[in-house]
Amino acid sequence: MAIGSGLGGQLGIVGESTYGTFVAPTRFLEFTKESLVLKKTTAQSAGVAAGRLMALSDRRVLTQKEVTGSIDLEVTNTGMGLLLQALMGTTVTPAQQESTDAYLQVHNLADSFGKFLTIQKGVPLTTGVVTDKSFVGCKVTSAEFSCEVGGMLMSTWEIDGKDCSESQTLATASYPARSPFHFGQMAIKSGTFESEVALDGIRKVSVKIERPMTTDRFYAGQSGLKKEPIANDLVKVTGSIEMDYVATILDDLHTSDGATSLVWEFVGPQIETTYNETFRIVLPAIKVDDAPPTIEGFDVIKPTINFTGLYDGTNPVSIEYLSTDTAV
């Protein structure tokens, strides 16, 4: 029996081959919190019947269902590929680096149609019995990454799903040894694409990638369930950088409205010679929206630079993930 609290909870994921068709999870994530729920739409008959003072319970109908919510977790040195692929859209095959145990995943921004997951969570009763809630047809609609002084690299994944089942077999969770990326491994660089130079004074960084989609594709003949969401707007990439005012590099870009490439990376322990565990977000072109270095007292000036990621016309936004994972 599991512990009868959140300590006994679990979250497993797996890629689906058909949208909304359950697949037993094979990978289990160590998460900090989640809010995945089944959202239902009902309609209540309210016809007049002489003397009846309340609506009849058997005249309420369930007209449609969908799944919404989010997952918060630390970004770790293995196991992140499925979520990254669902976010970015490119079908990725990890590339072995020479003959080492290091495998590189390059997740370039692409249409994410056809990328969906089964996400199964186990929710413990106080008795220790763990109940199953299996969410199918799960699309990643946005992800935000953030890291600050002394902290872990954290991520929040917004999910839209097709349906929830409570009749599946709860998969047995297993957790391989994993390590989180953290502030001590962090660097941020800017400049000409592929020749970026490290910035000093950086205290906190966040980047958000949003995938706008039509999440309301409810049609007749679908039993009240939606069809796979389709992209219906431009991808939005935004972020912020909190820093001590040690240089005017980013401030000058605010003044000129010039573009720069921005690379945010975490380099961990060595896998083998010349290959280290790495998580890297590459934004080939950003523009600074505001960077007001204001003086608010005696302390060091600490501006927050807000930026928007844009397409440079050649190079896609990408997330590079170097790990020992031989499969996404």
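## How to read the model

Because the model is predicted, local features need pLDDT of at least 70 and side-chain atom pairs count only at pLDDT 80 or more, while totals for chains, interfaces and linings use all residues. Residues are numbered from 1 along each chain as its sequence is written, and side-chain values use heavy atoms, with hydrogens and water left out.

## The overall fold

Let's start with the whole chain. Its secondary structure comes to two helices and 21 strands. Here helices (H or I, at least four residues) and strands (E, at least two) are DSSP runs, numbered from the N terminus. Along its principal axes, the C-alpha trace spans about 80 × 50 × 40 Å.

Of the 328 residues, 44% count as buried. Buried means under 20% relative accessible area, exposed means over 50%, and partly exposed lies in between, using a 1.4 Å probe and protein chains only. A contact means heavy atoms within 4.5 Å. Of the contacts with a separation of 6 or more, 71% join residues 24 or more positions apart.

## The nonpolar core

In soluble globular proteins, nonpolar side chains tend to be buried together. A nonpolar core is a set of buried Ala, Val, Leu, Ile, Met, Phe, Trp, Tyr and Cys residues joined through side-chain atoms within 4.5 Å. The largest one here has 56 residues, and Phe145, Trp157, Trp264 and Phe279 touch the most other members.

Which residues does phenylalanine 279 contact, leaving aside its neighbours within four places in sequence? Its partners include Val75, Leu84, Phe145, Leu153, Phe181, Trp264 and Ile319.

## Pocket and cavity

Rolling a probe the size of a water molecule over the atoms shows where empty space is left. On a 1 Å grid over the protein atoms alone, a cavity is a set of points where a 1.4 Å probe fits but cannot get out, and a pocket is an open set with protein on both sides within 12 Å along at least five of seven lines; lining residues have an atom within 4 Å of a point. Grid points are joined across faces, edges and corners, and a volume is the space filled by probe spheres set on the points.

The largest pocket has a volume of about 240 Å³. Its lining has 14 residues, with Phe193, Glu194, Arg280, Val282 and Glu320 nearest the centre. Strands β7 (103-108), β18 (259-272), β19 (275-290) and β21 (318-323) each supply at least two of the lining residues. By class, the lining has five nonpolar, three polar and six charged residues. In this count, Ala, Val, Leu, Ile, Met, Phe, Trp, Tyr, Cys and Pro are nonpolar, Asp, Glu, Lys and Arg are charged, and the others, Gly among them, are polar.

The search of the whole structure finds one cavity of 30 Å³ or more. The largest cavity has a volume of about 30 Å³, and its lining includes Met243, Tyr245, Asp251 and Pro303. That lining divides into eight nonpolar, no polar and one charged residue.

## Cysteines

How many disulfides does the model have? The count is zero, where a disulfide is a pair of cysteine sulfur atoms within 2.5 Å. For cysteine 164, the closest cysteine sulfur is in cysteine 138, 9.0 Å away, so the two are too far apart for a bond. Cysteine 164 is buried at 13% relative accessibility, and cysteine 147 is buried at 1%.

## Some single residues

Threonine 141 sits in strand β9 (residues 130-148) and is buried, with a relative accessible area of 18%. Beyond four places in sequence, threonine 141 touches residues including Glu158, Ile209 and Met213. Glycine 268, in strand β18, is buried at 9%. Glycine 268 and serine 256 are twelve residues apart in sequence, yet their C-alpha atoms are 35 Å apart in space.

Most residues other than glycine have a negative phi, and most peptide bonds are trans. Glutamate 98 has a positive phi near 55° and is exposed at 61% relative accessibility. Serine 223 has a positive phi of about 60°; this serine lies in the loop between β15 and β16 and is exposed at 71%.
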